[in-house]
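Biologist: I would like to learn how to read a sheet and a chain contact in a model. Could you take me through them?

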Amino acid sequence: MANPASADARSAVRHRAGLRLWLSSGWLILVVLTALLAPWIAPKDPLAQDMFLGRLPPFWMHGAEPGYWLGTDSLGRDVLSRILHGARVALLVAVIAGTLTCLIGATLGLMAGFLRGWVDIVISRFIDIWMAFPPVLFSILLIAVLGPGLSSIIIAIVVIDWTRFARVVRAEAMAQGAMDYVASARVSGRGRLSTMVTEILPNILPTIVVLLTLEMGIAVIVEAILSFVNLSISTDDPTWGGMISEGRTSVHQAWWVLVFPLISLFLTVLAFSQLGEGLKDRFDPVLR
Amino acid sequence: MSFLEIKGLSAWLKGIGQPLLRNVSLAVAVGEVRGLVGESGAGKSMIGKAILGILPKAVEITAGQILLDEVDLLALAPKERRRRIGATCALIPQDPLTALNPSRRILGQISDRLVDILGWDRFRAQARAEELLAEVQIPDPQRVLRAYPHELSGGMRQRILIASAFAAEPKLIIADEPTTALDVTVQKQVLKLIAEMQDRHGTALLFVTHDLGVVSKVCQSLSVLYGGLVVEDSAVRPFFAGPKHGYSRALLEATPKYTDPSASLVPVPDGVIKAVQNEIADADRRATDG
């Protein structure tokens with residue numbers, strides 16, 4: 001039972017997890033608010049170009065213009081406003097692509113791992129074949145076929161990444177399926193689907209949550225990569241990946257065009273993965 | 001009258017065709033406690049799993065009948081078989097650490113039985129769950145009902161599993177080495193508890209164990225298993241007075257004696273093993289010839 005030493009250790013873990021949870025969710029809430037309120041809080045029009053104000057440095061540097069806090073890019077567009085608007089695309093992709101990937105992958109993985117038999121054989125072979133495609137080429141190909149746009153990016157992410165969920169969830173479901181509590185549920189006459197949902201699913205939910213948040217981070221990165229190779233949404237609309245791509249060409253003259261969107265991207269992806277870990281520590285009944 | 005009767009049950013490992021159960025026959029009368037004894041790999045747990053319909057997929061039953069209340073389970077459609085097993089049988093598993101769902105509170109896990117099997121509503125089931133915990137002598141049942149399994153000790157969890165096995169008043173409980181995973185002092189309490197519960201509820205019990213000492217205390221009859229073959233089937237008293245089969249005799253002699261703690265452990269002699277393995281070979285020959 002609970003002894004003082006393990007209680008101490010547990011509260012230490014909890015404290016650390018708490019800090020991680022607060023920092024990561026704090027940043028993500030900020031990003032969400034930014035995305036929602038971008039048109040009102042952005043100081044400038046993110047699309048407005050002004051050739052006379054090209055490559056203005058951020059506010060603390062010599063030559064900065066008031067109102068352009070993080071400087072401007074080579075077309076004179078306000079970097080801060082573009083980052084704020086870019087959060088919309090990043091977040092949309094993260095949430096929609098992450099959730100869809102999770103639903104499809106986790107459902108298939110759960111079925112394969114718990115039902116076994118031919119269901120497992122079909123799904124597992126399908127995963128093996130799927131994973132043999134090189135993912136970047138596959139996504140570029142997909143978008144070439146579907147045409148660029150937000151929904152194409154989301155579809156590409158789901159189509160490529162569901163296997164990540166399916167494989168991990170399958171392994172977990174198999175491990176849980178071998179436990180005696182599952183046998184007991186079966187003995188008392190529970191059907192297979194009901195056993196899967198009420199007995200197995202709650203035990204792999206912490207894993208699914210971690211995977212989901214990781215996937216959201218990955219989705220943000222994938223969107224950035226696709227923007228970088230000009231396969232994302234239209235090049236005028238501000239996205240973090242697109243900004244990084246544009247900033248790359250002028251990095252020696254105007255590093256801020258590259259660095260600020262990069263920092264936003266980095267912090268957001270990090271926050272997603274830390275949120276997952278923090279949630280797991282908090283909600284896994286065994287760790288709690 | 002026998003509640004459970006197994007007739008000529010044979011099973012093998014699919015694919016390689018390795019026999020696991022060889023023409024096993026045994027019966028458990030209403031309210032009887034029968035021990036199922038054998039060393040590791042003798043197939044004793046396999047018999048329990050076959051009755052409950054939870055054999056691993058790799059194991060296939062090749063012949064025989066499992067009669068539960070005079071109905072052959074193996075002849076039933078899967079759904080009807082599940083229903084019948086659920087309504088009349090329960091399991092006390094070996095390892096209390098994996099037998100409770102770690103992410104659900106105890107309350108839900110016990111009341112599930114009553115809801116699934118007896119069709120009770122949640123509210124009534126929850127009230128009964130508290131009574132059951134009190135019956136297995138768990139102090140402060142209300143607190144325990146709200147707990148998660150990892151917050152409870154192994155002995156406590158085994159008591160909960162016993163309560164949950166008896167919850168829906170089954171006719172037959174299969175206890176699969178229920179004390180193996182517990183330490184010795186707790187073992188004794190848990191055995192006593194199972195015996196008391198069995199007596200009070202009049203449930204038939206198939207007690208799977210490798211410990212003849214436990215059998216002599218709890219059971220009325222026993223079947224000794226070696227290599228999936230029942231080598232002896234006897235009432236407890238005559239068995240402990242003088243087992244008929246050579247292997248049973250050697251097994252009994254191998255049990256450590258409390259009277260002489262300095263005596264070294266006696267293994268089952270090689271000659272006895274040879275003899276019983278010949279018997280198995282004979283049985284397999286008969287099976288393929290017939």
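Modeller: Gladly, starting with a sheet. Strands of a sheet pair through backbone hydrogen bonds, either parallel or antiparallel. Here, four strands of chain B form an open sheet in the order β2-β1-β4-β5, and the pairing is antiparallel. Strands are DSSP runs of E of at least two residues and helices runs of H or I of at least four, numbered from the N terminus; two strands pair if DSSP finds at least two bridges between them. This is a predicted model, in which local features need pLDDT of at least 70, side-chain atom pairs count only at pLDDT 80 or more, and totals for chains, interfaces and linings use all residues. Residues are numbered from 1 along each chain as its sequence is written, with chains lettered from A and ligands numbered from 1 in the order in which they are written.

Biologist: Which strands stand at the edges?

Modeller: β2 (18-29) and β5 (71-72) of chain B do, each with a single partner strand, so one side of each is left without a neighbour in the sheet. Strand β4 (residues 59-68) of chain B pairs with β5(B) over two bridges, and L67(B) has D72(B) of β5(B) as its bridge partner.

Biologist: How many helices and strands does chain B have?

Modeller: Eleven helices and ten strands.

Biologist: And how many residues of chain A are in contact with chain B?

Modeller: There are 17, and they touch 25 residues of chain B; contact means C-beta atoms, placed from the backbone, within 7 Å. On chain A's side, α6(A) gives the most, with six residues.

Technical notes:
Two residues are in contact if their C-beta atoms, placed from the backbone, lie within 7 Å.
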